[in-house]
Amino acid sequence: MVHRRLPRPAELRELLRPAPIQLNATDRRLTRAGSIADLRALAQRRAPRAVFDVSSVSTETTILGKPSAQPFALAPTGFTRMMHTEGECAVVKVAERAGIPYALSTMGTTTIEDMAAAGPDARKWFQLYLWRDRAPAKDLLDRAIASGYDTLLLTVDTPVAGARLRDVHNGLTVPPQLTLRTFLDGALHPRWWFDLLTTEPLAFASLSSSEGTVADLIDRVFDPAITLADLEWLRGAWPGSLVAKGVQSVTDAERVVAAGADAVLLSSHGGRQLDRAPVPLELVPSVREKLDGRAEVLVDTGITTGADVVAAIALGAHAALVGRAYLYGLMAGGERGVARAVRILSDEVARTMALLGVTSVDQLRPAHVSFRP
Ligand SMILES: Cc1cc2nc3c(=O)[nH]c(=O)nc-3n(C[C@H](O)[C@H](O)[C@H](O)COP(=O)(O)O)c2cc1C
């Protein structure tokens, strides 16, 4: 039982002693802020959003008329299941969760339909190499349309295969051939061979013949003489967005757009085709200026950080594509590795934008980038 009594006046006087009055409102606020977090909350209330609030950077953008959570997409790469047995299905699942587009390659190791089933809500693109014979290409287009792919990338930088000397030296064929050399290498990577031998056989899913090295295949099957007339033909056969992939000059950019392309993808194929090609990133400003809104400008090759992506956008690209960046993730850890790669790039994009003081992709300007002389 608590014994209660009335307070004495002297005791009340002690409690009611007024705190010193601060007439200045700023002083009052600052005195009340007991920690940096309190100061941050005050700062957020007092500074305009654009100045303060780079913490709420939005990386969302529109690529070819549809939303993308990031200003980058995942480029088409052949023989992806050779990198890791989870292959294209792993990549499309990550693209679906991340809300970014992913392009399946003609040289892919998963069928158009299987990839669509693995990522039903992903934004799916299809990359086409044109055949000497048009019928198989038409067949692939029809299947891609039926499976909900919304964009077609026609690769125009591979009239013949680049000199892939490492493939010859290392005996890279699809399916892999067991020679003494690959056998010895296999002994060093038993996990990879175990995956290969205990999962669906590795094969090109969209091609019927596949002997020899990748270069042999490209030279045997694909048309070395594609022209603007082929692009016009595709324009008629493909209802979705059409992208010319591998454009390397302002003149060609204009020509493919006149032939019906909705976008050009400035690319030197990750450096795998023509040596000493122009640096795609450096072409972005002049191509953007020349096309003057008639078509979108995409760019790839050598983009390995979110800061590279931001630079591409600031220079005038609508989006960047990455190839090896996500393949390294795939090889390192399958689907989880791709997710990690996309997370790293996304965080870097947001951080770079925040450091530049911009809160949305459309605030990026050429002045945010400078090329070394
Ligand atoms: C292993 C590998 C396979 C590729 N296969 C294709 C392909 O089948 N079709 C195509 O158009 N581009 C292909 N590319 C090129 C990519 O689409 C993209 O242009 C290039 O990887 C971008 O450069 P980056 O790897 O530096 O990001 C391939 C690239 C790599 C690394």
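Author: Let's begin with Thr 61, which counts as buried because its relative accessibility is 17% (buried means under 20% relative accessible area, exposed over 50% and partly exposed in between, with a 1.4 Å probe and protein chains only). This is a predicted model, so local features need pLDDT of at least 70 and side-chain atom pairs count only at pLDDT 80 or more, while totals for chains, interfaces and linings use all residues. Residues are numbered from 1 along each chain as its sequence is written, and side-chain values use heavy atoms, leaving out hydrogens and water.

Thr 61 sits in strand E1, residues 61-63 (strands, E and at least two residues, and helices, H or I and at least four, are DSSP runs numbered from the N terminus). Setting aside neighbours within four places in sequence, Thr 61 is in contact with Lys 66, Pro 67, Ser 68, Gln 70, Pro 71 and Val 361 (contact means heavy atoms within 4.5 Å).

Stepping back for a moment, the chain has 17 helices and ten strands. Of its 373 residues, 47% are buried. Among contacts with a separation of 6 or more, 68% join residues 24 or more positions apart.

Now for helix H14, which spans residues 250-258. Ala 253, Val 256 and Val 257 of H14 are buried. Those three cover an arc of only 100 degrees around the axis, so they lie on the same side of H14 (the arc is that of the directions from the helix axis to the C-beta atoms). Turn to the face of H14 away from this buried side and you will find the exposed residues Thr 251 and Ala 258. The cover over the buried residues of H14 includes helix H13 (228-237), strand E7 (241-247), strand E8 (263-266) and helix H15. Just after H14 comes Gly 260, with a positive phi of about 120 degrees.

H15, residues 280-291, packs against H14 at an angle of about 40 degrees, and their axes are 9 Å apart (axes are lines fitted to C-alpha atoms, for helices over the stretch in contact, with angles from 0 to 180 degrees between N-to-C directions). H14 brings Val 250, Ala 253, Glu 254 and Val 257 to this contact, while H15 brings Ser 286, Val 287, Lys 290 and Leu 291.

H13, one of the elements covering H14, also packs with helix H8 (residues 134-146), at about 35 degrees and with axes 11 Å apart. Here Arg 134, Lys 138, Leu 141 and Ile 145 of H8 meet Asp 230, Trp 233, Leu 234 and Ala 237 of H13.

Another pair to find is helix H16 (residues 306-314) and helix H17 (residues 324-356), whose axes come within 7 Å and cross at roughly 60 degrees. Gly 306, Ala 307, Val 309 and Val 310 of H16 touch Leu 345, Glu 348, Val 349, Thr 352, Met 353 and Leu 356 of H17.
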